[in-house]
Amino acid sequence: MSKKYKEETILTKLGRDPAEYYGVMNPPLVQASTLEYKNLETYETKKGQKFTYANIGHPLSDHFETAMAELEGGHKAVSSSTGLSPITASLMAFLKAGDHLLMCDSIYPPTRSVCDRLLKKFDIEIEYYDSLIGADIRDLIKESTAVIYMESPGSATFEVQDVPAIVKEAKARGVITMMDNTWASGVLFKPLEHGVNISICAATKYIGGHADVNLGYAVADTAENYKQLKKTHVDLGHCPGSQDLSLALRGLRTMKLRIEHSEKSALKVAKWLQGRDEVQRVYHVALPDHPTHDIWKRDFSGGNGLLSFLLEEAPKEQINKFIDALELFPIGSSWGGYMSLLQPQTEMAFRRVVKWNEKGMLIRLHVGLEDVDDLIADLDQAFRVFNS
Ligand SMILES: Cc1ncc(COP(=O)(O)O)c(C=O)c1O
(Lines give C-alpha, C1' and ligand atoms only; values in the text may rest on other atoms or scores of the structure.)
Protein backbone atom coordinates (compact mmCIF):
# COMPACT_ATOMS: atom_id res chain seq x y z
CA MET A 1 0.00 0.00 0.00
CA SER A 2 1.25 3.47 -0.94
CA LYS A 3 3.34 5.24 1.70
CA LYS A 4 1.49 8.49 0.84
CA TYR A 5 -1.34 7.48 3.18
CA LYS A 6 -1.43 7.90 6.93
CA GLU A 7 -1.68 4.79 9.08
CA GLU A 8 -5.41 5.29 9.89
CA THR A 9 -6.11 5.12 6.16
CA ILE A 10 -3.80 2.17 5.58
CA LEU A 11 -5.54 0.22 8.36
CA THR A 12 -8.86 0.49 6.48
CA LYS A 13 -7.32 -1.08 3.38
CA LEU A 14 -4.89 -3.74 4.54
CA GLY A 15 -5.58 -7.43 3.94
CA ARG A 16 -8.71 -7.21 1.86
CA ASP A 17 -9.47 -7.33 -1.83
CA PRO A 18 -13.17 -6.92 -2.68
CA ALA A 19 -12.51 -7.74 -6.35
CA GLU A 20 -11.62 -11.30 -5.32
CA TYR A 21 -15.06 -11.77 -3.72
CA TYR A 22 -17.59 -10.19 -6.09
CA GLY A 23 -17.13 -6.79 -4.39
CA VAL A 24 -17.70 -8.06 -0.86
CA MET A 25 -15.83 -5.55 1.31
CA ASN A 26 -14.39 -7.93 3.91
CA PRO A 27 -12.84 -11.29 3.06
CA PRO A 28 -15.45 -13.94 3.91
CA LEU A 29 -14.90 -16.44 6.72
CA VAL A 30 -13.08 -19.43 5.25
CA GLN A 31 -13.67 -22.60 7.23
CA ALA A 32 -11.28 -25.16 5.82
CA SER A 33 -8.95 -28.02 6.59
CA THR A 34 -8.65 -29.75 3.21
CA LEU A 35 -8.01 -28.22 -0.17
CA GLU A 36 -8.72 -29.99 -3.41
CA TYR A 37 -5.99 -30.23 -6.05
CA LYS A 38 -6.84 -29.58 -9.69
CA ASN A 39 -5.09 -32.72 -10.94
CA LEU A 40 -2.14 -35.04 -10.33
CA GLU A 41 0.32 -32.65 -11.90
CA THR A 42 -0.59 -29.79 -9.54
CA TYR A 43 -0.45 -32.25 -6.62
CA GLU A 44 3.05 -33.34 -7.60
CA THR A 45 4.51 -29.98 -8.59
CA LYS A 46 2.32 -27.61 -6.49
CA LYS A 47 2.47 -25.29 -9.51
CA GLY A 48 -0.67 -23.17 -9.89
CA GLN A 49 -1.88 -24.33 -6.45
CA LYS A 50 -1.54 -21.39 -4.03
CA PHE A 51 -2.78 -23.31 -0.98
CA THR A 52 -2.12 -27.00 -0.37
CA TYR A 53 -3.39 -27.71 3.13
CA ALA A 54 -5.30 -25.22 5.27
CA ASN A 55 -3.09 -25.37 8.34
CA ILE A 56 -0.19 -24.27 6.14
CA GLY A 57 -2.26 -21.44 4.69
CA HIS A 58 -5.63 -20.54 3.20
CA PRO A 59 -7.20 -17.36 1.79
CA LEU A 60 -8.13 -15.84 5.16
CA SER A 61 -4.78 -16.51 6.88
CA ASP A 62 -3.18 -15.12 3.73
CA HIS A 63 -5.20 -11.87 4.03
CA PHE A 64 -4.28 -11.48 7.69
CA GLU A 65 -0.60 -12.32 7.22
CA THR A 66 -0.32 -10.00 4.22
CA ALA A 67 -1.88 -7.21 6.27
CA MET A 68 0.48 -7.70 9.19
CA ALA A 69 3.60 -8.02 7.02
CA GLU A 70 2.65 -4.77 5.32
CA LEU A 71 1.87 -2.96 8.58
CA GLU A 72 5.18 -4.04 10.14
CA GLY A 73 7.13 -3.40 6.92
CA GLY A 74 8.39 -6.97 6.57
CA HIS A 75 8.70 -9.69 3.96
CA LYS A 76 6.00 -12.14 5.10
CA ALA A 77 4.22 -13.28 8.27
CA VAL A 78 3.09 -16.49 9.92
CA SER A 79 0.01 -16.59 12.14
CA SER A 80 -1.25 -19.01 14.75
CA SER A 81 -3.74 -19.66 17.48
CA THR A 82 -2.27 -17.65 20.39
CA GLY A 83 0.16 -14.82 20.95
CA LEU A 84 2.54 -17.22 22.65
CA SER A 85 2.76 -19.66 19.72
CA PRO A 86 4.73 -17.36 17.34
CA ILE A 87 7.11 -16.61 20.23
CA THR A 88 7.84 -20.33 20.66
CA ALA A 89 8.05 -20.87 16.90
CA SER A 90 10.43 -17.94 16.38
CA LEU A 91 12.76 -19.03 19.17
CA MET A 92 12.78 -22.65 18.03
CA ALA A 93 13.29 -21.63 14.40
CA PHE A 94 16.51 -19.75 15.06
CA LEU A 95 18.03 -21.75 17.93
CA LYS A 96 19.66 -25.17 18.02
CA ALA A 97 21.38 -27.28 20.67
CA GLY A 98 24.49 -25.56 22.02
CA ASP A 99 23.32 -22.05 21.11
CA HIS A 100 23.26 -19.15 23.53
CA LEU A 101 20.11 -17.02 23.82
CA LEU A 102 20.11 -13.52 25.31
CA MET A 103 16.66 -12.91 26.77
CA CYS A 104 15.48 -9.66 28.36
CA ASP A 105 14.57 -9.91 32.02
CA SER A 106 11.33 -7.89 31.87
CA ILE A 107 9.75 -10.56 29.72
CA TYR A 108 6.11 -11.69 29.51
CA PRO A 109 6.14 -14.50 32.14
CA PRO A 110 4.98 -17.35 29.83
CA THR A 111 7.92 -16.52 27.50
CA ARG A 112 10.22 -17.05 30.49
CA SER A 113 8.55 -20.39 30.99
CA VAL A 114 9.16 -21.32 27.32
CA CYS A 115 12.84 -20.61 27.93
CA ASP A 116 13.22 -22.25 31.32
CA ARG A 117 11.04 -25.29 30.71
CA LEU A 118 11.04 -25.96 26.98
CA LEU A 119 14.24 -24.55 25.43
CA LYS A 120 16.41 -25.84 28.28
CA LYS A 121 15.42 -29.39 27.34
CA PHE A 122 17.06 -28.80 23.96
CA ASP A 123 20.40 -27.78 25.46
CA ILE A 124 20.05 -24.09 24.73
CA GLU A 125 21.92 -21.80 27.07
CA ILE A 126 19.64 -19.00 28.26
CA GLU A 127 21.07 -15.83 29.73
CA TYR A 128 18.76 -13.08 30.97
CA TYR A 129 19.95 -9.51 30.57
CA ASP A 130 18.90 -6.22 32.12
CA SER A 131 16.38 -4.67 29.70
CA LEU A 132 18.10 -1.29 30.13
CA ILE A 133 21.41 -2.67 28.88
CA GLY A 134 21.47 -0.88 25.50
CA ALA A 135 24.81 -1.06 23.63
CA ASP A 136 26.46 -2.84 26.58
CA ILE A 137 24.81 -6.00 25.28
CA ARG A 138 28.06 -6.34 23.28
CA ASP A 139 29.78 -7.61 26.42
CA LEU A 140 27.32 -10.50 26.70
CA ILE A 141 27.49 -11.66 23.07
CA LYS A 142 29.53 -14.86 22.71
CA GLU A 143 30.59 -17.02 19.76
CA SER A 144 27.59 -19.22 20.44
CA THR A 145 25.03 -16.38 20.73
CA ALA A 146 22.41 -17.04 18.07
CA VAL A 147 19.48 -14.86 19.17
CA ILE A 148 18.87 -11.67 21.15
CA TYR A 149 15.25 -11.44 22.22
CA MET A 150 13.60 -8.16 23.24
CA GLU A 151 10.22 -7.19 24.56
CA SER A 152 9.68 -3.46 24.63
CA PRO A 153 8.19 -1.98 26.69
CA GLY A 154 8.61 -4.90 29.08
CA SER A 155 5.72 -6.59 30.84
CA ALA A 156 4.48 -5.11 34.14
CA THR A 157 6.90 -2.18 34.55
CA PHE A 158 7.30 -1.17 30.88
CA GLU A 159 11.07 -0.86 30.45
CA VAL A 160 11.61 0.55 26.96
CA GLN A 161 14.66 -1.04 25.38
CA ASP A 162 17.22 0.82 23.30
CA VAL A 163 16.40 -1.30 20.26
CA PRO A 164 18.63 0.55 17.74
CA ALA A 165 21.67 0.21 20.04
CA ILE A 166 21.04 -3.51 20.66
CA VAL A 167 20.42 -4.23 16.97
CA LYS A 168 23.64 -2.46 16.00
CA GLU A 169 25.68 -4.72 18.29
CA ALA A 170 23.77 -7.83 17.14
CA LYS A 171 24.33 -7.05 13.47
CA ALA A 172 28.04 -6.49 14.02
CA ARG A 173 28.25 -10.08 15.38
CA GLY A 174 25.75 -11.72 12.98
CA VAL A 175 23.18 -12.40 15.72
CA ILE A 176 19.45 -12.66 14.93
CA THR A 177 17.21 -10.21 16.81
CA MET A 178 13.55 -10.71 17.61
CA MET A 179 11.10 -8.64 19.56
CA ASP A 180 7.70 -9.07 21.15
CA ASN A 181 5.94 -6.02 19.70
CA THR A 182 2.53 -6.67 21.27
CA TRP A 183 2.58 -3.45 23.31
CA ALA A 184 2.83 -1.45 20.07
CA SER A 185 0.64 -3.89 18.09
CA GLY A 186 2.34 -3.04 14.81
CA VAL A 187 1.47 0.66 14.96
CA LEU A 188 3.27 2.45 17.82
CA PHE A 189 6.69 1.02 16.99
CA LYS A 190 8.11 -0.70 13.91
CA PRO A 191 10.87 -3.11 14.97
CA LEU A 192 11.82 -4.05 11.41
CA GLU A 193 12.46 -0.41 10.52
CA HIS A 194 15.03 -0.46 13.32
CA GLY A 195 16.74 -3.55 11.91
CA VAL A 196 15.08 -6.23 14.07
CA ASN A 197 14.76 -9.49 12.11
CA ILE A 198 11.52 -10.87 13.54
CA SER A 199 8.62 -8.87 14.99
CA ILE A 200 6.13 -10.87 17.05
CA CYS A 201 2.70 -9.81 18.27
CA ALA A 202 -0.27 -11.20 20.20
CA ALA A 203 -3.23 -10.12 18.06
CA THR A 204 -5.27 -11.31 21.05
CA LYS A 205 -4.75 -7.81 22.51
CA TYR A 206 -5.37 -4.56 20.57
CA ILE A 207 -5.81 -6.08 17.13
CA GLY A 208 -8.70 -8.31 18.19
CA GLY A 209 -9.62 -5.61 20.66
CA HIS A 210 -12.82 -7.17 22.03
CA ALA A 211 -11.58 -9.92 24.38
CA ASP A 212 -12.79 -12.67 22.06
CA VAL A 213 -9.84 -13.48 19.78
CA ASN A 214 -6.88 -15.81 20.35
CA LEU A 215 -4.29 -15.09 17.68
CA GLY A 216 -0.65 -14.22 17.14
CA TYR A 217 1.74 -13.53 14.31
CA ALA A 218 5.42 -13.10 13.56
CA VAL A 219 6.76 -11.06 10.63
CA ALA A 220 10.19 -11.80 9.16
CA ASP A 221 12.34 -9.16 7.53
CA THR A 222 13.72 -11.23 4.62
CA ALA A 223 12.70 -14.18 2.42
CA GLU A 224 15.44 -16.28 3.99
CA ASN A 225 14.37 -15.62 7.57
CA TYR A 226 10.73 -16.12 6.63
CA LYS A 227 11.53 -19.54 5.15
CA GLN A 228 13.28 -20.63 8.33
CA LEU A 229 10.44 -19.33 10.52
CA LYS A 230 7.69 -20.83 8.40
CA LYS A 231 9.25 -24.32 8.38
CA THR A 232 9.36 -24.48 12.19
CA HIS A 233 5.90 -22.95 12.44
CA VAL A 234 4.55 -25.74 10.22
CA ASP A 235 6.58 -28.40 12.08
CA LEU A 236 5.00 -27.27 15.34
CA GLY A 237 1.54 -27.64 13.80
CA HIS A 238 0.69 -24.01 14.56
CA CYS A 239 -2.30 -22.62 12.74
CA PRO A 240 -4.87 -19.88 13.38
CA GLY A 241 -8.63 -20.33 13.76
CA SER A 242 -10.70 -18.87 10.93
CA GLN A 243 -13.16 -17.01 13.14
CA ASP A 244 -10.25 -15.40 15.00
CA LEU A 245 -8.61 -14.31 11.73
CA SER A 246 -11.85 -12.76 10.57
CA LEU A 247 -12.38 -10.91 13.86
CA ALA A 248 -8.76 -9.75 13.89
CA LEU A 249 -9.09 -8.31 10.38
CA ARG A 250 -12.19 -6.46 11.57
CA GLY A 251 -10.35 -5.25 14.68
CA LEU A 252 -7.54 -3.78 12.60
CA ARG A 253 -9.89 -1.20 11.09
CA THR A 254 -10.60 0.53 14.42
CA MET A 255 -7.44 -0.37 16.32
CA LYS A 256 -5.73 3.00 16.08
CA LEU A 257 -8.78 4.89 17.37
CA ARG A 258 -9.17 2.49 20.27
CA ILE A 259 -5.49 2.70 21.21
CA GLU A 260 -5.54 6.49 21.06
CA HIS A 261 -8.60 6.66 23.32
CA SER A 262 -7.02 4.23 25.81
CA GLU A 263 -3.73 6.13 25.72
CA LYS A 264 -5.37 9.43 26.69
CA SER A 265 -7.46 7.88 29.44
CA ALA A 266 -4.57 5.82 30.83
CA LEU A 267 -2.41 8.90 31.16
CA LYS A 268 -5.18 10.72 33.04
CA VAL A 269 -5.63 7.72 35.36
CA ALA A 270 -1.84 7.46 35.84
CA LYS A 271 -1.54 11.12 36.84
CA TRP A 272 -4.50 10.80 39.17
CA LEU A 273 -2.96 7.74 40.82
CA GLN A 274 0.29 9.65 41.32
CA GLY A 275 -1.60 12.02 43.59
CA ARG A 276 -2.93 9.25 45.86
CA ASP A 277 -1.38 8.60 49.26
CA GLU A 278 -2.16 4.87 48.95
CA VAL A 279 0.08 4.60 45.86
CA GLN A 280 3.87 4.37 46.19
CA ARG A 281 4.72 4.58 42.50
CA VAL A 282 3.06 4.66 39.08
CA TYR A 283 4.62 3.02 35.99
CA HIS A 284 3.54 4.54 32.70
CA VAL A 285 5.89 5.26 29.80
CA ALA A 286 4.44 8.72 29.12
CA LEU A 287 5.15 9.95 32.66
CA PRO A 288 8.43 11.92 32.61
CA ASP A 289 9.64 10.10 35.74
CA HIS A 290 9.45 6.69 34.03
CA PRO A 291 13.09 5.48 33.78
CA THR A 292 12.90 4.99 30.00
CA HIS A 293 10.52 7.83 29.13
CA ASP A 294 13.14 9.45 26.87
CA ILE A 295 13.74 6.32 24.78
CA TRP A 296 9.98 5.85 24.44
CA LYS A 297 9.63 9.46 23.24
CA ARG A 298 12.50 9.02 20.80
CA ASP A 299 11.34 5.73 19.23
CA PHE A 300 7.58 5.30 19.68
CA SER A 301 4.78 7.21 17.98
CA GLY A 302 2.45 6.99 20.99
CA GLY A 303 1.31 5.17 24.10
CA ASN A 304 -1.43 2.71 24.97
CA GLY A 305 -3.81 1.91 27.82
CA LEU A 306 -1.40 0.02 30.08
CA LEU A 307 -0.06 1.23 33.40
CA SER A 308 0.93 -0.32 36.70
CA PHE A 309 0.99 1.03 40.23
CA LEU A 310 2.59 -0.07 43.44
CA LEU A 311 0.04 -0.05 46.21
CA GLU A 312 1.18 0.86 49.72
CA GLU A 313 2.00 -2.11 51.91
CA ALA A 314 -1.21 -3.34 53.48
CA PRO A 315 -2.68 -6.51 54.98
CA LYS A 316 -4.01 -8.95 52.39
CA GLU A 317 -7.63 -8.47 53.53
CA GLN A 318 -7.35 -4.74 52.91
CA ILE A 319 -5.99 -5.30 49.40
CA ASN A 320 -8.76 -7.80 48.70
CA LYS A 321 -11.35 -5.24 49.82
CA PHE A 322 -9.89 -2.65 47.44
CA ILE A 323 -9.79 -4.92 44.40
CA ASP A 324 -13.17 -6.49 45.06
CA ALA A 325 -14.78 -3.05 45.49
CA LEU A 326 -13.89 -2.04 41.93
CA GLU A 327 -16.84 -2.21 39.57
CA LEU A 328 -15.17 -1.14 36.33
CA PHE A 329 -11.85 -3.03 36.63
CA PRO A 330 -12.59 -6.75 36.70
CA ILE A 331 -9.61 -9.05 37.22
CA GLY A 332 -8.41 -10.52 33.92
CA SER A 333 -5.14 -11.96 32.63
CA SER A 334 -5.14 -9.91 29.47
CA TRP A 335 -5.36 -6.39 28.04
CA GLY A 336 -6.04 -4.49 24.83
CA GLY A 337 -9.80 -5.03 24.79
CA TYR A 338 -12.56 -2.39 24.83
CA MET A 339 -12.90 -2.80 28.59
CA SER A 340 -10.70 -1.90 31.50
CA LEU A 341 -9.04 -4.73 33.41
CA LEU A 342 -6.89 -5.25 36.46
CA GLN A 343 -4.22 -7.87 37.02
CA PRO A 344 -2.07 -8.26 40.14
CA GLN A 345 1.54 -8.69 38.95
CA THR A 346 2.48 -11.65 41.11
CA GLU A 347 5.31 -12.86 38.88
CA MET A 348 7.84 -10.10 39.60
CA ALA A 349 9.74 -12.50 41.87
CA PHE A 350 10.87 -14.36 38.74
CA ARG A 351 13.05 -11.46 37.60
CA ARG A 352 16.65 -12.63 37.68
CA VAL A 353 18.93 -9.75 36.77
CA VAL A 354 17.30 -6.74 38.39
CA LYS A 355 15.67 -8.23 41.47
CA TRP A 356 12.25 -6.94 42.45
CA ASN A 357 12.53 -5.93 46.10
CA GLU A 358 9.55 -3.59 46.36
CA LYS A 359 7.08 -4.07 49.18
CA GLY A 360 3.39 -3.79 48.38
CA MET A 361 1.33 -5.27 45.59
CA LEU A 362 2.12 -4.27 42.00
CA ILE A 363 -1.14 -3.90 40.10
CA ARG A 364 -1.44 -3.58 36.32
CA LEU A 365 -4.41 -1.76 34.84
CA HIS A 366 -5.53 -1.76 31.26
CA VAL A 367 -7.61 1.34 30.65
CA GLY A 368 -10.32 0.66 28.10
CA LEU A 369 -12.96 2.70 26.30
CA GLU A 370 -15.18 3.59 29.27
CA ASP A 371 -15.57 7.24 30.24
CA VAL A 372 -12.35 8.09 32.05
CA ASP A 373 -14.06 10.08 34.81
CA ASP A 374 -16.21 7.03 35.58
CA LEU A 375 -13.03 4.97 35.87
CA ILE A 376 -11.40 7.47 38.22
CA ALA A 377 -14.57 7.68 40.33
CA ASP A 378 -14.55 3.87 40.57
CA LEU A 379 -10.93 3.82 41.76
CA ASP A 380 -11.73 6.62 44.19
CA GLN A 381 -14.62 4.73 45.80
CA ALA A 382 -12.47 1.56 46.00
CA PHE A 383 -9.71 3.51 47.79
CA ARG A 384 -12.35 4.69 50.27
CA VAL A 385 -13.21 1.05 50.93
CA PHE A 386 -9.46 0.28 51.23
CA ASN A 387 -9.12 2.98 53.85
CA SER A 388 -12.29 2.09 55.78
C1 LIG B 1 3.48 -8.97 25.82
C2 LIG B 1 2.68 -10.20 25.52
N3 LIG B 1 3.13 -11.06 24.59
C4 LIG B 1 2.47 -12.18 24.29
C5 LIG B 1 1.29 -12.50 24.93
C6 LIG B 1 0.64 -13.81 24.60
O7 LIG B 1 -0.62 -13.68 24.02
P8 LIG B 1 -1.68 -14.87 24.15
O9 LIG B 1 -2.34 -14.70 25.48
O10 LIG B 1 -2.59 -14.68 23.00
O11 LIG B 1 -0.92 -16.17 24.07
C12 LIG B 1 0.79 -11.64 25.91
C13 LIG B 1 -0.46 -11.97 26.62
O14 LIG B 1 -0.79 -11.41 27.65
C15 LIG B 1 1.50 -10.47 26.21
O16 LIG B 1 1.08 -9.61 27.16
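A156 sits in the loop between strand 4 and helix 6, where helices (H or I, at least four residues) and strands (E, at least two) are DSSP runs numbered from the N terminus. Phi of A156 is near 80°, a positive value in a residue other than glycine. A156 is also buried, because 23 other C-beta atoms lie within 10 Å; the cut-offs are 20 or more for buried, 12 or fewer for exposed, and partly exposed in between, with C-beta atoms placed from the backbone.

A word on what you are looking at: this is a predicted model, in which local features need pLDDT of at least 70, side-chain atom pairs count only at pLDDT 80 or more, and totals for chains, interfaces and linings use all residues. Residues are numbered from 1 along each chain as its sequence is written.

The loop between strand 4 (145-151) and helix 6 (163-172) also holds P153, and the peptide bond from S152 to P153 is cis, with omega near -15°. Most residues other than glycine have a negative phi, and most peptide bonds are trans. Another positive phi, near 60°, turns up at A211, in the loop between strand 6 (198-202) and strand 7 (216-220). A211 is partly exposed, because 16 other C-beta atoms lie within 10 Å.

Now for the core. The largest nonpolar core has 102 residues, and V147, A218 and A248 have the most contacts inside it. By nonpolar core I mean a set of buried Ala, Val, Leu, Ile, Met, Phe, Trp, Tyr and Cys residues joined through C-beta atoms within 7 Å. Helix 8 (residues 242-274) gives this core its largest share, eleven residues. As for V147, leaving out residues up to four places away in sequence, it touches L91, F94, L95, L101, V175, I176 and M178; contact here means C-beta atoms, placed from the backbone, within 7 Å.

M255 belongs to helix 8 as well. Is M255 buried or exposed? M255 is buried, because 25 other C-beta atoms lie within 10 Å. Beyond its neighbours within four places in sequence, M255 is in contact with L11, S185, V187, Y206, I207 and G209. M255 and E8 are 247 residues apart in sequence, yet 8.8 Å apart in space, C-alpha to C-alpha.

Two helix pairs are next. Axes are lines fitted to C-alpha atoms, for helices over the stretch in contact, and angles run from 0 to 180 degrees between N-to-C directions.

| Helix pair | Axes come within | Crossing angle |
|---|---|---|
| Helix 3 (residues 59-72) and helix 8 | 9 Å | roughly 35° |
| Helix 4 (residues 84-94) and helix 5 (residues 109-118) | 10 Å | roughly 35° |

In the contact of helix 3 with helix 8, L60, S61, H63, F64 and A67 meet S242, L245, S246, A248, L249 and L252. By class, that contact has seven nonpolar, four polar and no charged residues; Ala, Val, Leu, Ile, Met, Phe, Trp, Tyr, Cys and Pro count as nonpolar, Asp, Glu, Lys and Arg as charged, and the others, Gly among them, as polar.

Helix 4 brings L84, I87, T88 and L91 to P110, T111 and V114 of helix 5. Those residues divide into five nonpolar, two polar and no charged.

Conventions. Two residues are in contact if their C-beta atoms, placed from the backbone, lie within 7 Å.
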